[in-house]
Amino acid sequence: MGRILLSEGDITAVSADAIVNAANTELRLGSGVAGAIRQRGGPSIQKACDAHGPVPLGAAALTAAGDLAARFVIHAAVMEPGERVAEPALRAATRASLELARARKLRSIAFPALGTGVGGFSMQRCAEVMLAEVRAHFAGETSLEAVHFVLFGEPAYRVFEQVNDAEKVAAGMARLAR
């Protein structure tokens, strides 16, 4: 089983095989994580997004990472432009990002808290959904050895930490009950 890692920081500085962008379906790098990726990674990332074209809600697309430390950017389409994030789209886009990483035989991927900024999704529910999707992915066949959640600010980090710890405790209690 792969490792889930949590840290507080700037996802654009992470040197994983891929970092994930909380994208809209048009793959327009606007504000939040996408804006940081555009600013730090350079214009080649938006050009690659434009060449790829729109993706369906809940899907993911891979581009080169420009000047970023990561090799690739996975654009997880969690919302339509100007709309809010809904749980089914978050769940599907997280799953699609993990599957794309597996298909490309990537060993490490870094996620932000998808959809919790501009998309307005609850940080608590985001942590629950994303961590559950990663655990489900690790239960199957995958090339991923590590999934890193890079959270912006201590409050986001603490929410993910609490949800992750609660899931570890529940799993431990289930093993003891056997």
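Reader: Is Asn164 buried or exposed?
Author: This is a predicted model. In it, Asn164 has a relative accessibility of 3%, so this residue counts as buried.

Reader: Where does Asn164 lie?
Author: Asn164 lies in helix α5.

Reader: And which residues does Asn164 touch?
Author: Leaving out residues up to four places away in sequence, Asn164 touches Ile4, Leu6, Leu131 and Arg135.

Reader: Let us turn to the sheet. What is the order of its strands?
Author: The sheet is open and has six strands, in the order β1-β6-β5-β2-β4-β3, and the pairing is mixed. At the edges are β1, residues 3-8, and β3, residues 60-64, each of which pairs on one side only. From one strand to the next, the twist averages 30°.

Reader: In which sense do β2 and β5 pair?
Author: Strand β2, residues 18-24, and strand β5, residues 108-111, pair in the parallel sense, over two bridges. Ala18 stands opposite Ile109 of β5.

Reader: Which strands does helix α2 touch?
Author: Helix α2, residues 43-52, packs on the sheet and touches β3 and β4, the latter being residues 72-79. The direction of α2 makes about 135° with that of β3.

Reader: What about helix α3?
Author: Helix α3, residues 87-103, also packs on the sheet, where it touches β2, β3, β4, β5 and β6. Its direction makes about 160° with that of β4.

Reader: Now the aromatic rings. How many aromatic pairs are there?
Author: The count comes to two aromatic pairs. In one of them, the ring centres of Phe111 and Phe149 are 5.7 Å apart and the planes stand at 20°; planes under 30 degrees apart count as stacked, so this pair is stacked.

Reader: Which parts does that pair tie together?
Author: Phe111 lies in strand β5 and Phe149 in strand β6, so the pair ties together parts that are 38 residues apart in sequence. Phe111 and Phe149 are both buried.

Reader: And what is the pair of Phe149 and Phe160 like?
Author: That pair is tilted, with 5.3 Å from centre to centre and 40° between the planes. Since Phe149 lies in strand β6 and Phe160 in helix α5, residues 154-177, the pair ties together parts that are 11 residues apart in sequence. Phe149 and Phe160 are both buried. Phe111, Phe149 and Phe160 form one aromatic cluster.

Reader: What lies over the face of Phe72?
Author: Arg104 does, at 5.4 Å from the ring centre.

Reader: Let me ask about Met130. Where is its place?
Author: Met130 is in helix α4, which spans residues 123-138. Its relative accessibility is 0%, so Met130 counts as buried.

Reader: Which residues does Met130 touch?
Author: With residues up to four places away in sequence left aside, Met130 touches Leu90, Thr94, Phe111, Pro112, Ala113, Leu114 and Phe149. Two of these, Phe111 and Phe149, belong to the aromatic cluster.

Reader: How many disulfides are there?
Author: The count comes to zero disulfides. Cys49 is buried, with a relative accessible area of 1%, and Cys126 is buried as well, at 0%.

Reader: Next, the loop between β2 and α1. Is Thr25 buried or exposed there?
Author: Thr25, found in the loop between β2 and α1, has a relative accessible area of 3% and is buried. Apart from neighbours within four places in sequence, its contacts are Pro54, Val55, Pro56, Leu57, Ala77, Met79, Glu80 and Pro81.

Reader: What of the phi of Leu27?
Author: Leu27 has a positive phi of about 60°, although it is not a glycine. Leu27 is likewise placed in the loop between β2 and α1, and is buried, with a relative accessible area of 1%.

Reader: And where is Lys105 found?
Author: Lys105 is found in the loop between α3 and β5. Lys105 has a positive phi of about 60° and is not a glycine.

Reader: Is Lys105 buried or exposed?
Author: Lys105 counts as exposed, at 65% relative accessibility.

Notes
Residues numbered from 1 in each chain as written. Predicted model: local features only at pLDDT ≥ 70, side-chain atom pairs only at ≥ 80, totals over all residues. Heavy atoms only, no water. Pairing = 2+ DSSP bridges. Helix = DSSP H or I, 4+ residues; strand = E, 2+ residues; numbered from the N terminus. Axes fitted to C-alpha atoms, helices over the stretch in contact; angles between N-to-C directions. Contact = heavy atoms within 4.5 Å. Phe/Tyr/Trp six-rings, centres within 6.5 Å; stacked < 30°, edge-to-face > 60°. Buried < 20%, exposed > 50% of the residue type's maximum accessible area, 1.4 Å probe, protein only. Lys NZ or Arg CZ within 6 Å of the ring centre and 35° of its normal. Disulfide = S-S within 2.5 Å.
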